Each structure stands twice: as structure tokens, then as C-alpha cells.
Amino acid sequence: MRPSPHGSEPLAYDDLRDWIKALEKAGELKRISEEVSPELEITEITDRVSKIGAKTGTKGSGAPANYAPGGPALLFENIKGHPGHKVFINQFGSERRMAMALGVNRLDEIAERIKGLMNMKPPTGGFLDKLKMLPQFPKTLSAKEARCKEVILRENFDLNQFPILKCWPHDGGRFITLPCVHTRDPRNGKRNIGMYRMQVYDGQTTGMHWQRQKVAAEHYREALRNAAAGASDADPLTARVAAMAESAGGAVSIPDGPIGGLPQVAMGNLKGSRLEVAVAIGTDPATTFAAIVPAPPEVEEFMIAGFLRGKSVEIVKCETVDLEVPAHAEIVLEGYVELGELRPEGPFGDHTGFYTLTDTYPVFHLTCITHRRDPIYAATIVGKPPMEDAWMGKAVERIFLPAMKLTIPEIVDINLPVEGVFHNLMLVSIRKSYPGQARKVMNAIWSLGQAMFTKCIIVVDEDCDVQDIGEVTLRVTNNIDPERDIQFTLGPIDSLDHSSRLPNYGSKMGIDATRKWKAEGFDRPWPAMIEMDRATKVRIDELWEKLGL
């Protein structure tokens, strides 16, 4: 989206190519004509560029310093082994480009737009009704109007035709890294778009790394529950429970035979049951970004993208599955995952800065590929921060803040430091009104969707700017008594966390760095922070230019 010159609705980009043209016009795109390999070389180039302006401690990156932090977006036009193909990467990799993608001049404007939406008063007063008042429902096009169907391959298709990247030396293979994965909730038919890496096994199958607590993974589990209930000749609810318990929520394979002590339920009976999936690669920036926004399951990502764009997303029905995808995507992969079929996936160099180790995940089987003529392959890489995902994460932070304030109104601001890879550290400032409120806020955050993965939460008073890491450090190290002010709890942990005692389950820490009250058992005097008096500041302000400093 182009920011509106008069502050009205943003002007939506039609598709990825329209977005690339806008970036080039704004001086935010660099075309690379030198031949490079999709195996490791594109990653090394992009990693150096994405760290322009960052204090990484690395030497000799060779990257030019005449770009803003994050460097330019890159369009590789000469890919070794893939003549005629192009790879587009780092599209969201700077503050300016992230703002351009969302049609604003600064990321905080997104929070202001969402706040304005929440303050609207529709007839029933519900948040979903407010969304329905906006012109953001997707618009369905015919197949002839959809540019993603310029080429349709129902047979003899091969993923290997695309320049899919191998990102890091010890990756388990090549991975699709910027896919918009479309599924439908088996319970109510609602559509979801998520972003989950996909390891290429061969020309027709990939892994589907939807982490356990993601929406698409729940769609998969619900399909598994339904299949187990349908295969049972006894209590279907008991069969649903047994299927989840024995498969660890669909995370482990179960051999054929009875499960949960119930001979009438056999996982072998579930083979052949499928969950349909479609994957769009290379969409307009708002739709791609909507795939990572932690929205409520009741709100479809097509609606979020429409809200961000200020214009409905144009969609089209798939050829072989009952799903809709962005009509002008560069590439669309159609297929299914078969319930109960899992396969080792990984290792993968992840955004934590470490390799995610091999684990088992569902397998995506392709049934059709459609694409534009001369498709542009959109990708991202992740690794030691800062990288492209750092800017995407900061945008999510600004979008998530108004929603958090709905549930936790005492929150003033939050900061998810890039080096904390977003789910490892959250800094929170609050308007403290009663004893123990900081702990209440910690527990409330751990109950909010993807925020449940936050490993460390630090709470400070409202007079502390959480965007100033130095100020937060000063407050925390001075304001806490570790035994008194640090609490631990157990719960779900991000699947990428390699340090937890068990996969997906471990401990979290909360630190109350607010000023302690007598009502909280603190009877000692609390000293004032050092600050110069206002009159002296004004006097020195008047003298400053004369001092020659």
C-alpha cells in the first residue's frame, strides 16, 4: 500500500509486482544481475545486507553503508540452475519498507487505526461487527480473471522448477520460507492463513511445519479428532480424547491398532482421511503480512489484509481443493496432508539464531501447481537477529498493543526486543493502581494467544520508557529484590525453544520491577531518581549555544 498523501485510506498494491515497482521507485530495491546459487549464496548476501546499520559485532561484512538499517530489498535475476527465474527477498527488511507495506508513514499509525476501529460504535457494539462495517471482505474472481492461473499444472509438476533456497549449511534441505498456508476449520468452515516453513522432500511433497499451537495445527487436530470419532463404534467423545492423548495432539505417529485402551478405535482406520491445504507464494505485501498477525481465530486473515490495505483482497477458488487463494499470487501449490502421516523435518537455521532440530511434522502432498508466467519466487531468511523478520515482528508488536489493552487496560506500552526473538522477552509498562498488579499483568499476558510463549516478562511503571533498553535495565537492576520480585510458572513453550525441559513445555519467568508499596510489604523509604530541577534546565538551554559545546 502507498501511504495516502492526505491521511485517508491507504492505496493498496495490486500484487507483488506492483509492490516491487513501488519499492524500486522509492529507491528501496536493488536488482542483482550476477549469477548466484539458491544454495547458501543468496542467504549470505541477504544476511550481510539485512545487518546494515546493526551493531552485530561482526567484521568485514562487505555490505555498503549507504543504506538505512536493514538494507534494500533484493531482486535476484540470475539464479544458478534456474534460468529465467527471479528471487525476491528482504521486502519487509527496513522500518520504511514495513511502513510502506502497511500504507503508513510510521508503524505506530497502525495501532492508531486499530484503536479507531475499536472505538467505532456499530449497532450491536461487538468487535466482529465493527470489522463487518469495513469494506474488507474478500472479492471472488473467476479463474479467467486470476493471474495466478496463467499456467495450470495438474500433472507432471515439480517443485524443483522453482529456485527454492537452502538457507544454512546444516539445514536438512531446501525450504519454502515465505508461504501463505491456507486451511479451513473443519468445525465451521472458517478460513485461515498462516506462515509455516515447508521443507522440500521431492518434487511433489514437502513438510508442513505448523507448530503445535498454531491455528492450522488445530485444524489438523480437529480433522484427526473427527476421523477418530467417525471410526469408533463406541463413544465418539472418548475416541476424540484418546486420539489426542495417544498422538500428543497430533505430534507423534501411532502404530496401527487400538489406542487409549479402546479396541474399537484404531489409527489405521484413519489413513486416507485428509485435510486440504493450499499455499500461496508471492502475494501483495498486506496479505503476506496478515499471515503472521496473531489474530483471533474468528477473524479471517483475508479480512485483516483488507483492513490493512483499505481494499478487499481478490481471491479465486483452487483447481483441486475446496479453498480460495489470492487471485494474483505468483505461485499456488494445492494439495493435502493425510491424517496420521508424519515425517522427520529439519534441521533448520531459525530466527532464534540456532538450528531447530529434527522433529516429526505432517507431510504436504501436491495435487496441482498454478502460477503466473515467469513467476517471481518470494522468500525470506531467518537467523541471528537482526534480519527481515525483526521489522515484521516490530510491526506485529504495534498491531498487538491495542488488542492487549482491550484485555489488560493498565498496559501503557510494550517492547519485544529483537534480540529476544520476540517470544523470549517482553518489556511492559503499566499504570499501577493496586498491590500485586504487576503479577496480575504477567499472568494475563501468558493467557493471550501466542503471547503464552513469552519466556520472560519484565513489568515496569508507566514513567519508564520500555523502548529505551538502557532505562529498563537501570530500573530492573535497581528496583528488584530477586527473591521477592521474580516468579516462575510452567506452561506451553514455543516449539523452537531448545532449552526447555520437554518439547513445547517448560518454565517462564516474570520480573516485577515496579516501585514497591507499603501495601506490598515494603516499609523502607523509596528514594527519588536523580533529575535536575526545571529552572536550571531552562537556564542552561538558553546558554547552550553560547557554550560552544
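Tutor: Before we start, a definition: accessible areas here come from the Shrake-Rupley method with a 1.4 Å probe. Also keep in mind that this is a predicted model.

Student: Okay! So what does the accessible surface of the chain come to?

Tutor: About 24800 Å², and 53% of that belongs to carbon and sulfur atoms.

Student: And how many of the residues count as buried?

Tutor: The chain has 549 residues, and 54% of them count as buried.

Student: How many helices and strands are there?

Tutor: You'll find 14 helices and 25 strands in the chain.

Student: Let's zoom in on α11. Which residues are buried there?

Tutor: Helix α11 covers residues 437–445, and its buried residues are Gln 437, Ala 438, Val 441, Met 442, Ala 444 and Ile 445. They sit on the same side of α11, because they cover an arc of only 165° around the axis.

Student: Why do residues three or four places apart point the same way?

Tutor: An α-helix has 3.6 residues a turn, so residues with that spacing point the same way.

Student: What covers the buried residues of α11?

Tutor: The cover includes helix α10 (388–407), along with strands such as β21 (411–415), β23 (456–461) and β25 (505–512).

Student: Switching topic: which residues form a nonpolar patch on the surface?

Tutor: Ile 540, Trp 544, Leu 547 and Leu 549 do, with about 430 Å² of accessible area together.

Student: Where is Ile 540, and is that residue buried or partly exposed?

Tutor: Ile 540 belongs to helix α14, residues 534–547. Its relative accessible area is 34%, so Ile 540 is partly exposed.

Conventions: Residues are numbered from 1 along each chain as its sequence is written. This is a predicted model: local features need pLDDT of at least 70, side-chain atom pairs count only at pLDDT 80 or more; totals for chains, interfaces and linings use all residues. Side-chain values use heavy atoms; hydrogens and water are left out. Buried means under 20% relative accessible area, exposed over 50%, partly exposed in between (1.4 Å probe, protein chains only). Helices (H or I, at least four residues) and strands (E, at least two) are DSSP runs, numbered from the N terminus. The arc is that of the directions from the helix axis to the C-beta atoms. Contact means heavy atoms within 4.5 Å. Patches are made of residues with over 30% relative accessible area and no salt bridge: like charges are joined within 9 Å, nonpolar side chains (Val, Leu, Ile, Met, Phe, Trp, Tyr) within 5 Å. A salt bridge is a side-chain nitrogen of Lys or Arg within 4 Å of a carboxyl oxygen of Asp or Glu.
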